[in-house]
Every structure is written in C-alpha cells, then in structure tokens.
Amino acid sequence: MTAKPVDGSTPTPDISAADFAEAHRRLLSESAIQFDLPRAEAPQPPPSWLFDGLQSIVPLLRILFWVALAILVLFLLYAIVRRMTGAEWPWRRRGQEDEAESWRPAEAPARRLLGDADALAATGQYSEAAHLLLFRSIEDIDKKKPDLLRPALTSRDISGLTEIPGKPRGAFARIAMLVERSLFAGRPLGESDWRDCRAAYEEFAFAEGWRG
C-alpha cells in the first residue's frame, strides 16, 4: 500500500527494511562501482644521505662559482684590452694566415720577378718595371683563383674585387693606379713612383703584407 501525496505528485512506493537491506547488499556487491577510495599517503622525505652529500659539496660549489666568476671577469678585461689596442685573436690570425696561403704567390717566383723588375728599373724603365709587376700579379691571382677573373675586367675592376683580402687588394690597387697613370695619362713613372710600386708588390706577394 502506498500513501498518496497531497500535492498530486507521483506516489513513492513503500519499501520494507528487509528489501532495503537486500538492495543495499546488492549495490555493495556490484564490482563496477568503487566504494573504497585509496588513502593518499604522505610523500616520504628524501633520504638523509642526500642532504649530507649536498651539504658536503656546498663549499666546493661555492669555490667553483667564485673561480668561474674570476675567469669571466679576466676574460672580459682581456677582450677589452685587445679591442682597445687593436690586437687580433690568435684563432682569427691563424684563419687569415690560412687564407693568405690560398692567395699569396709562391715566394721564389715572386722574388725572381722582383729581380727582373729591378733590372728594368735600374736602366730607368720604371714604367715598364711597374707594368711587369702588374701583369704578373694578375697572372698570380688568376692561377690561385681561376674562376674569379674574367677577360673584360680591367686592373681597376680587379682592385675592387672584395674576394681578394683587404691589404693585398690595397697593394694591388696602388700598382694598378701607377700603371694606369703611366699608360693613359702619358706620365712616365719616376724613381719615387717605382719605389712605391715595388713596396706595394712586396705587400702583395710576401707574407708580411698579408698580416694585420
């Protein structure tokens, strides 16, 4: 028998205590439903030996920190001094020397050429001696870098090629300028012009001119 609610809603059937207990038992026996949640366990503290080990190396870490800081400060001071004095880093200098070896003419032929040019200059043929140095310098560049020069390039064009390292390129440009002046301006070179041209070739051809 069910009691009828006064508000007109659906009546709730009466259930005996025995039926309720049976329903509760079946609910508890349902394996798909979890009633017991595992209790969260407090995390275990780190082992004491870990703290002991960290405490033992703290002094060493402090020493390493100050040593690293000192090295950094010294390196910065060294870099500032080198920059102020214009000195180059050793590895950069080695790179420039390697680059020079790939461009610089062979020393023995270059000295023979300079001897031939000196012989012309000794007879007063300064323009011819300078032209010889220019012509052979172009040959040397073409031998070292055969894909760089084209037949249409003038000596002034070659002077502007950025592929040639800076100092030798400047030396070549001085030789080219003197030769162009003697050829196109109709002004034969004098002894002082020849000395300048000879010095420029030494910078172009020998190791000293490729440094710095």
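## Two helices side by side

Helix axes here are lines fitted to C-alpha atoms over the stretch in contact, and the angle between two of them runs from 0 to 180 degrees between N-to-C directions. With that in hand, look at this predicted model: helix H4 (residues 107-122) packs against helix H5 (residues 126-144) with the axes 7 Å apart and an angle of about 160°. Angles over 145 degrees count as roughly antiparallel, and H4 and H5 are therefore roughly antiparallel to each other. Their crossing is right-handed.

Which residues make the contact? On the H4 side they are Leu113, Leu114, Asp116, Ala117, Leu120 and Ala121, while H5 brings in Tyr126, Glu128, Ala129, Leu132, Leu133 and Arg136.

Now for the aromatics. The count comes to 4 aromatic pairs. One of them joins Tyr201 and Phe204: this pair is tilted, at 6.3 Å centre to centre with 35° between the planes. Tyr201 and Phe204 are about one helical turn apart, because they sit 3 residues from each other in helix H8 (residues 191-205). Both are buried.

Tyr201 also pairs with Phe206. Here the ring centres are 6.4 Å apart and the planes stand at 80°, so this pair is edge-to-face.

## A charge over a ring

Phe206 has another neighbour to look for: Arg111 lies over the face of its ring, at 4.1 Å from the ring centre.

How values were computed. Residues numbered from 1 in each chain as written. Predicted model: local features only at pLDDT ≥ 70, side-chain atom pairs only at ≥ 80, totals over all residues. Heavy atoms only, no water. Phe/Tyr/Trp six-rings, centres within 6.5 Å; stacked < 30°, edge-to-face > 60°. Helix = DSSP H or I, 4+ residues; strand = E, 2+ residues; numbered from the N terminus. Buried < 20%, exposed > 50% of the residue type's maximum accessible area, 1.4 Å probe, protein only. Lys NZ or Arg CZ within 6 Å of the ring centre and 35° of its normal. Parallel < 35°, antiparallel > 145°, perpendicular 65-115°, else oblique. Left-handed = near helix turned anticlockwise from the far one by under 90°. Contact = heavy atoms within 4.5 Å.
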